[in-house]
Each structure stands twice: as structure tokens, then as C-alpha cells.
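Reader: I am new to this structure. Please show me how to read its features, one at a time.

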Amino acid sequence: METWQSGNKSAFQALFRQYERLVFKNAYLMTGTREDAEDVLQEVFISVWRSRHTFDPEKGSLVTWLHRITVNECLRRRRKKKPDPLPLDGLDPADTRHTSQEEIMASQQEYERLLRALDSLDRKHRAVLVLRYFNDLSYAEIAQAMDIPLGTVKSRINQTLKLLRGRLGGEATRRGL
Amino acid sequence: MNCATADGLLAAYLDGELTPETKGQVQAHLSTCERCQKEIEALAATQYELRQALKSTADSVSPPSQAWDELEQLVAGGQRPSFTRAWALWLMERPWRIIVTILLIIAIVLGILWGLDVLSARSNPTGQGQPVSSGASWAKSFEDMTELCAASDVIALGMVDRVIRVTRAQPSGHLYFTDWAFRIEKVLKGRVTEEVTVHQTGAAGLGSEIAEDPLFRRGERYVLFLKRGAQEIFYNLGPWGRYKVVDGRVYSVNRALEYRTWYFEEKLDFNGVAQDDFIADVTEVAESPRLTFMDRTRLPVDVFRTWIGGTITSDVAFWTGKYGPGKVSYTVKRVDNKNGDNPVPLPEGIRFTITPAKFTTADPGLTYESRVLIWVSPDTPGGTYWVSVDYEFEGAGSGHRIITLHVDS
């Protein structure tokens, strides 16, 4: 048993310091608001503290356990408020190359559209994308973290990516990597 | 395998999550189906952009600095009282708190009605009010001054002079923008007139304001790092794009505005640096020639990801700094690590072309863009490659930029 599991506060603080950014960033990406992410961060570590005796490193990694609690907490919370839209007024989209001003604005708009499209997803779909494309978790790890079958992970990622692309207007051109 | 079956497996194929047998079946189908090829290219592009967007968004946030203190109290106290119970106890402690709470509720309701335009017309847009903070997802954070300078079209010292206009994002929306007149005292990079318009989210007295990048105030002096928008309207590069100057000293947002700007903890943290030193350093960085690869948002990027058989297109910008006119030529070579220590042959299956690879610059202070095409043949082994793009600039010496290329198998 790890020191923090036996109730050592200093060890728990060290654990918190080590993982607070990971949990907070994931919570922010899954919920879309800072306010929710702050609440989730607190709730996750309260859960970790209260359930410290139940964690068994032989059954799975600590990170996967943290992901699982984070996802559960994010899905449990009702969406409090949608983030404010990003500024778009006065921007003139353009499609010509090497016309810097218009292209800058058009590219920014595309990026912002992606963030908005992401925001339009419900949290369980958003969570699966965050676990895969931000944390680089394998499908099996995602299945473990979200407590869903592997086949569901596979179909949900495929479906959500297509949905996202559809909301972006079905752009098939690969550019600007 | 038919299209319907393949279509359901494309993301897993790209993510390397199929069994060798199924992967072979999908590959065989892709080699004969143009529609599914286009579909997988589009999905790969979406995956790539999604990774970039998630990373940039995550880079822009950090947990609040007091998070542990609050948590410690909660875990130290054992079971927490419920919120409702804690609130009730707090109210009962002092009777006047009940009255104040009722008044606050009335004020909040009135505020909501006011926000919904149910009540009277807006107040004077230039008036000072209590801002309502909102979050912001910055397109990118900046690691150091070099990266910040590269992303800026204009860097200038000046003073916030006045409000030019306040606009509303949507007719019935609650998001406002303020265009400020910024009077230039010294230009550190770029070409601008003596006064520029700087666009900022939020409006004094009207509610919305970005907490991490609060509204300017008249008379404040800043060194601003600006991106040029349409119609000569400039945008500062988020909280990283503003450095307040007070009594000849320079302060980053976290120091100047007393807001919890956690992201300055490790980078671009200036707390009372002498103005002349700051300007000299920024100028030196800004005047040096520099290569920058750009992502879709036209912001710097050094890591590219594709898959075997995939193609990447990008732009690379050459900033001439204080040099020119002169001739620039690019050469591309593979190196064995991200520090560019040793050249090694690029696999035959990877083609890396820059067009144009040679050009002539005019006056100093200009940016020239070339198109980059990276093609990875289907028989190239997956893995991570580092590619150095070297430039030779007549009269200004040479330099290079190293990018990381991940080829997923």
C-alpha cells in the first residue's frame, strides 16, 4: 500500500501536486468551463482521499483510476453554462493563399469552429475524444476508464469524429498541418 | 470488405487499433475505393486538428493556485456538510446576512433581466462598471520571447488612448468588443502608423470581459504583441501579448493586474524589468531572421503527425528581421535528434519539398512564405523523424529550424 493510501497527508499532497494539472486539464477539456473544471478537480481528489483504501495498483494504474474518477465526475455534473462564443465579428473569411490578413482570419475561424464543434458534443462523446486524442490512451484503456465495452469505444470514436467533421462542414482538404 | 464495413473501422485503422487481419482487409479496400480514401484523409485531418486544438486549449489552463489549500480543509474536516446546510448555518449566524442575501438575489434577478434587454437601454459604453468575468480559450500559449516575437506582426510600445467603438457580437448577445486607439511611441517589430486600433473582447460597464485578459484602461502604457487582422485592426496575443509599463519598469499580466494568471509561473514572467532592457531584448529577438512553420491557425508549430501513405502540407514563413535585400535559399536534411546534432539520410519513401526554396527579399522587416509538402510513401517505416530546414541568408548568415515528424504505422 502506498503511503498516501495509509492516510499520510504529506504523501497525499505530493500525489495531488503530481496529478492536479492532468486532472484539471482533462476536466477543462471535458466540461468546457473553468468553473466546472475547478469543481471537478476538487471532487476527484476528495474521492481519491475517501476511496484510497479501495485503489489496487495491481488491477490498474493510478492514472487510469484518476481518469475514471474524472470522467465519472464530469459526466455526473450538469453543464452549468456554455462558454462564451469566441470573437468573430468583422472577420472576413477568404480562400486565397498568401493573402496574409484574410488567411489569418479564415484559419482562426476554422480553429474556432473546431472548438465550437467540440463544445456542441455531449460530454460522453467529448470525454472519449479527450481520452484518446489528448491523453493518447488506447481503446482498451478508454474502455477501462469509462467502464464501457471495447466495441463501444471503437464505434463511439468513429461516430464522434465523423460528427465533428460534419459540423466543421465536411472539409476534406488537408492543409496547414 | 464493403464500404459500409470499412467506414465503421476507419478511425480505429488510423489509431492503430485493428487486428493485423482486419487492418489488412481495410488496407485492401482502401487501395481500390477512392471514396473511402477521401473519407480517411478527411478523418485523419480532423484527428490532427483535434489533437492540436485540445493541446492548445489544455496549454492555456492550469489549476488555481489555492486548489490544495481548499482541498486540504475539506479532507482535514472529514465529512463535508452539504452546501445547503453549510449555507443555512452561515445565514443563521448573523441575521443581517439573511437581509443582505435577499437584496443580492433581487439584484441578481434584476441584473439578469437587464442582461436580457427586458429592462432599459444600455448604459454609456465607456463608463466603468463591475465586469463579469468569462473564460477564454486562447489559441496558443507561448513558451518564450522568440516564439512570441515570431507570432507577432507588430510589437510596439505605446499608450492606450481612447475607446474608438464598442460593438456587440450578435444583436441579442451578451458578448461585446472594444476597439481601442493605441498611440505608438516605439515600434519594435513591423510597420504601423502612429496610432493603431486594437480589438479586445469585453466592454467596460457592459458585462463580458475576459478574466485572464482584462480590459485596457485609458492612459495605460504597454508593450503589445499584435496580430494584424482585417481592415488594419489588431489583436493582442492573449495575456502573453501585453506587458504593462509603469515608471520605466515592465510587468507581465500576472504581476501587473493581480489576477491569477497561473500560466506565467514558468515562462514569460516579467516583474519590474527595466523598460530599456526589455525593449532591447525584444528588439534583438525580433530583428533576427527566423523560420516559422505554421499550423492552420497561422501560429507556430514544430511537430507534425501523419500516417504511412499520408501527406502533410504546411506553410513556412521566413522573417527577414533587420536584414535585406538579399537572397535566401533553403536546404532540407534529416537529423538524428531534435537538437539537430548529426545529419542522417532521409528514408527514400519520405519526400520533403519547399516551394520556392530560393527567393530574393526586398526591404528589411518582411515575411516571405513558402509552401511545404511532406509525402510519406506506403512502404516507409513508421516512427519519429527530425528534419532540419536550413537557410542561408545573403548578408545575414545562416540558421535552421528543426521539426519533429511522427509517422504513425
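Reader: At what angle do helix α5 and helix α7 of chain A pack?

Author: Start with the general idea. Two packed helices are described by the angle between their axes and the distance between the axes. Axes are lines fitted to C-alpha atoms, for helices over the stretch in contact, and angles run from 0 to 180 degrees between N-to-C directions. Helices (H or I, at least four residues) and strands (E, at least two) are DSSP runs, numbered from the N terminus. Now the case: α5 (residues 123-133) and α7 (residues 150-167) of chain A pack at about 100°, with axes 10 Å apart. That makes α5(A) roughly perpendicular to α7(A). The cut-offs are: under 35 degrees roughly parallel, over 145 roughly antiparallel, 65 to 115 roughly perpendicular, and the rest oblique.

Author: A word on the basis. This is a predicted model, where local features need pLDDT of at least 70 and side-chain atom pairs count only at pLDDT 80 or more, while totals for chains, interfaces and linings use all residues. Residues are numbered from 1 along each chain as its sequence is written, chains are lettered from A and ligands numbered from 1 in the order in which they are written, and side-chain values use heavy atoms, with hydrogens and water left out.

Reader: Which residues make the contact between α5(A) and α7(A)?

Author: Contact means heavy atoms within 4.5 Å. From α5(A) come A:K124, A:H125, A:V128, A:L129, A:R132 and A:Y133. From α7(A) come A:V153, A:R156, A:I157, A:Q159, A:T160, A:L161 and A:L164. By type, seven are nonpolar, three polar and three charged. Here Ala, Val, Leu, Ile, Met, Phe, Trp, Tyr, Cys and Pro count as nonpolar, Asp, Glu, Lys and Arg as charged, and the others, Gly among them, as polar.

Reader: How do α7(A) and helix α4 of chain B cross?

Author: Their axes come within 10 Å and cross at roughly 85°; α4 of chain B spans residues 34-59. α7(A) and α4(B) are therefore roughly perpendicular to each other. On the α7(A) side are A:N158, A:L161, A:K162, A:L164 and A:R165. On the α4(B) side are B:E39, B:A42, B:L43, B:T46, B:Q47 and B:L50. These residues divide into five nonpolar, three polar and three charged.

Reader: Which residues touch the most other members of the largest nonpolar core?

Author: First the term. A nonpolar core is a set of buried Ala, Val, Leu, Ile, Met, Phe, Trp, Tyr and Cys residues joined through side-chain atoms within 4.5 Å. Buried means under 20% relative accessible area, exposed over 50%, partly exposed in between (1.4 Å probe, protein chains only). The largest core has 74 residues, and A:F12, A:F45, A:V48, A:L129, A:I157 and B:L50 touch the most other members. Helix α1 of chain A (residues 9-31) gives the most to this core, with 10 residues. A second, separate core has 26 residues, among them B:I312, B:V328, B:I403 and B:V407.

Reader: What is A:L129 in contact with?

Author: Leave aside neighbours within four places in sequence. A:L129 then touches A:L118, A:L121, A:F134, A:T160, A:L161, A:L164, B:L50 and B:L54.

Reader: How many aromatic pairs are there over all chains?

Author: A pair of aromatic rings is described by the distance of the centres and the angle of the planes. Rings of Phe, Tyr and Trp (its six-membered ring) pair if their centres lie within 6.5 Å; planes under 30 degrees apart count as stacked, over 60 as edge-to-face and the rest as tilted. The whole structure holds 22 such pairs over all chains. A:F12 and A:W49 form a tilted one: 4.7 Å centre to centre, 50° between the planes. A:F12 is in helix α1 and A:W49 in helix α2 (residues 34-50) of chain A, 37 residues apart. Both A:F12 and A:W49 are buried. B:F318 and B:F393 pair edge-to-face, at 5.2 Å and 85°. B:F318 lies in strand β13 (residues 311-319) and B:F393 in strand β19 (residues 383-393) of chain B, so the pair ties together parts 75 residues apart in sequence.
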